[in-house]
Amino acid sequence: MKTIKFHKSECGVDILLNVLRGENVIANYQDRETYNTDFFEILLFKKASGSVILNQKKITITDNTVLFISPFQKRKWELDTDNFDFTILAFQKDFLNDFFSDKLFTYRLLYFYQLNHPLNIQISRQEIEKACDILTEIKTELVNRYPDSIHIVRSLTYYLLLKFNREYASINKLPMYKPENNYAYQYKQLLELYIKDKKRIDDYAFLLGISRITINSAVKKQFNVTATHLLKQRLLFEIKNDLIHSGKNVSEIADELNFSEPSHLMRFFKIQTGMTTSEFLADYQNGIF
């Protein structure tokens, strides 16, 4: 599978961020093969018609759609490339984490690493025009560099990311409490790192040096789901991803994900989805999501 890598030369080695116009990268959206990227993307569609298969789900793309994609999420486009107008904000994780001196910043944004809610929102024409104007201003600062350009890029990007986060939370009815600690975000980060090896809340509680009750309380308050639900959804996503894209059989996937027996994986999958792995794969291949 093709992985598109972020090119530092596009905007300088010191800023791992770029703004791209759809017409300049159209080849990626005409190719209907599955691929991924090693960077975050926020796509703002002023005008569009079509769909994308992302996170094993089919998302309809229409006018005024904003789409959020995390690194290495596999996607397959079906866009009418004769009828589109969109802009992309692309950046690597280090841009946000280092730029804002916060290693958990990407996990604080509700639309990244999201498995429970849609990865797209619909906003008004006025809102998407305003956001695209901000992206144009960011691009201008990237191309015409001044001593203070990096500060303007940082402030405009920060503003845009938080505005989208607020809108995303409002649309999906997600809480936006100021956290008393970082446990919920740290837990989410650890799931990304260790889901293949650790499948018990107690494992993550040990890594964080806190109790499972404390983890669950923090996750419930911040994400409105239990810590167990978050873990099961992340593990289920990994299994589905391997079933669809790895070419491995259930026994091989069970071994890679450290299930003691393939039957344990199959039982977990059936409980979570209501179908067998074979039924899920057949539905996916037949375009049923």
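Predicted model: local features only at pLDDT ≥ 70, side-chain atom pairs only at ≥ 80, totals over all residues.
Tyr 113 lies in the loop between helix 3 (105-108) and strand 10 (120-122).

Most residues other than glycine have a negative phi. Tyr 113 has a positive phi of about 55° although it is not a glycine. Asn 64, which is found in the loop between strand 6 (57-61) and strand 7 (65-69), likewise has a positive phi, of about 65°, and is not a glycine. The table sets out the values for these two residues.

| Residue | Phi | Relative accessible area |
|---|---|---|
| Asn 64 | about 65° | 14% |
| Tyr 113 | about 55° | 14% |

Tyr 113 counts as buried because its relative accessible area of 14% is under 20%.

The largest pocket has a volume of about 640 Å³. It is lined by 29 residues, and those closest to its centre are Pro 71, Phe 72, Tyr 113, Glu 192 and Arg 234. Two or more lining residues come from each of strand 5 (50-54), strand 8 (75-79), helix 6 (183-194) and helix 9 (227-245). Helix 9 contributes the most, with five residues. By type, the lining comprises twelve nonpolar, eight polar and nine charged residues.

Arg 234 belongs to helix 9. Arg 234 is buried because its relative accessibility is 10%, and the limit for a buried residue is under 20%. The side chains of Arg 234 and Glu 238 are joined by a polar contact of 2.7 Å. Apart from its neighbours within four places in sequence, Arg 234 is in contact with Leu 115, Leu 191, Glu 192 and Ile 195.

Definitions and conventions
Residues numbered from 1 in each chain as written. Heavy atoms only, no water. 1 Å grid on protein atoms, 1.4 Å probe; cavity = no way out; pocket = protein on both sides within 12 Å on 5 of 7 lines; lining within 4 Å. Points joined across faces, edges and corners; volume = space filled by probe spheres on them. Helix = DSSP H or I, 4+ residues; strand = E, 2+ residues; numbered from the N terminus. Nonpolar A, V, L, I, M, F, W, Y, C, P; charged D, E, K, R; others polar. Buried < 20%, exposed > 50% of the residue type's maximum accessible area, 1.4 Å probe, protein only. Polar contact = N/O pair within 3.5 Å; in protein donor to acceptor, adjacent residues only side chain to side chain. Contact = heavy atoms within 4.5 Å.
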